[in-house]
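Let's take a walk through a protein model together.

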Amino acid sequence: MTEEELYITYKGVYIPKMLHPPESLKYYEEFTFRPDDTVIVTYPKSGTTWMQETTSMIQSGGDLTTGLATPTFERVPWLEMFNFFSLNMEERPSPRLMATHYHYDMMPASFLEVKPKVIHVVRNPRDVFTSSYHFCDTANFLVKTASTGEYLDKFLNGQVPFGSWFDHVKGWMNVMEQYPSMSISYEEMKTDLKDSVFRLSQFMGTSLSSEAIEKIANHCEFNNMKQNRMSNYSEAPSGILDPSSFHRKGICGDWKNLLTVAQAEHFDDVYKNQMKDVKYKFVWD
Ligand code: A3P
């Protein structure tokens with residue numbers, strides 16, 4: 001199926017129709033944030049689910065009970081997702097956890113006014129591309145990829161769900177200082193998950209023992225999340241994606257197995273041009 005059949009253009013970017021019906025988008029538009037909400041901000045395939053699970057377990061102080069009983073996407077819902085308005089967010093006690101793939105300039109009025117806490121997760125865009133390329137073939141709400149080259153052009157031009165990685169990351173980086181916020185990369189989490197859990201817990205204001213940090217890092221380790229029905233999308237509505245392939249490889253640098261030398265060079269050229277005014281040095285730069 002084509003982009004025209006599977007996506008709508010919302011605030012300038014494609015979003016999959018199947019996941020984001022008009023009533024969900026309206027609900028998000030009118031949602032009232034609280035100052036102590038924590039919003040996880042990611043471009044798709046940057047490690048959103050990993051961060052949702054990690055923050056949820058930090059919030060529970062390392063008690064894994066809910067992590068083994070309730071799907072990640074219900075504990076830490078996506079604001080723009082079809083199930084969001086059925087999750088009783090208004091009744092949930094503070095502090096609430098939630099996630100979004102929106103660009104900063106798509107965020108609703110209450111977010112801009114209330115300025116809740118933000119955790120911004122970034123990942124090497126070459127690996128984001130690679131993860132996304134494979135994911136397209138396993139999710140029926142996404143357009144299947146014809147070839148790597150064709151999908152690369154679409155990705156670099158922002159003709160994919162949630163638009164341009166460059167615009168998304170630059171837009172959020174530009175405003176992070178205006179929010180109580182923390183930036184963390186997928187790569188940092190891969191390098192040292194325990195240290196990442198510690199830093200996240202400090203940002204979230206949750207004090208954790210070293211045993212709790214150890215337990216959370218173990219629970220959120222790739223293979224454990226892959227096997228946990230609550231974090232591997234086994235509980236997602238039947239048929240929308242393949243739970244066995246969501247946790248695909250979970251590594252850094254898999255783009256080297258997908259892009260040709262010429263495609264990688266082209267990626268670098270576009271990256272350099274798009275990011276030329278960004279002072280921040282990412283771990284992959
Ligand atoms: P790969 O396709 O490269 O394996 P998102 O949740 O934003 O859609 O991101 C999905 C990507 O995060 C996938 O990357 C998935 O395997 C990876 N991921 C999910 N949980 C992970 C974990 N615990 N450790 C490392 N990577 C994880």
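This structure contains 30 aromatic pairs. Rings of Phe, Tyr and Trp (its six-membered ring) pair if their centres lie within 6.5 Å; planes under 30 degrees apart are called stacked, those over 60 edge-to-face, and the rest tilted. Tyrosine 27 and phenylalanine 31 make a tilted pair, at 6.1 Å centre to centre and with 50 degrees between the planes. Both tyrosine 27 and phenylalanine 31 are buried; buried means under 20% relative accessible area, exposed over 50%, and partly exposed in between (1.4 Å probe, protein chains only).

Before we go on, please keep in mind that this is a predicted model: local features need pLDDT of at least 70, side-chain atom pairs count only at pLDDT 80 or more, and totals for chains, interfaces and linings use all residues. Residues are numbered from 1 along each chain as its sequence is written, and side-chain values use heavy atoms, leaving out hydrogens and water.

Tyrosine 27 and phenylalanine 31 also belong to one aromatic cluster, together with Phe33, Phe84, Phe85, Tyr104, Phe111, Trp172 and Tyr179.

Now find tyrosine 28. Is it buried or exposed? Tyrosine 28 counts as buried because its relative accessibility is 0%. Tyrosine 102 has a relative accessible area of 1%, so it is buried.

Rings can have charged neighbours, too. The charged end of arginine 123 sits over the ring of tyrosine 186, 3.8 Å from its centre. A charge sits over a ring if NZ of Lys or CZ of Arg is within 6 Å of the ring centre and within 35 degrees of the ring normal. Lysine 117 has its charged end over the ring of phenylalanine 203, 5.3 Å from the centre.

Tyrosine 186 leads us to the ligand: of the 18 residues around the ligand, Tyr186 is among those that come nearest, along with Thr48, Thr49, Ser131 and Gly250. A residue is near a molecule if one of its heavy atoms lies within 4 Å of it.

Which atoms come together here? In the side chain of threonine 48, an N or O atom is 2.5 Å from an oxygen atom of the ligand. Arginine 248 has a polar side-chain atom 2.8 Å from a ligand oxygen atom. For histidine 247, a side-chain N or O atom is 3.2 Å from a nitrogen atom of the ligand. The protein covers 97% of the 570 Å² of accessible area that the ligand has on its own, an area that comes from the Shrake-Rupley method with a 1.4 Å probe.

Terms used
Polar contact = N/O pair within 3.5 Å; in protein donor to acceptor, adjacent residues only side chain to side chain.
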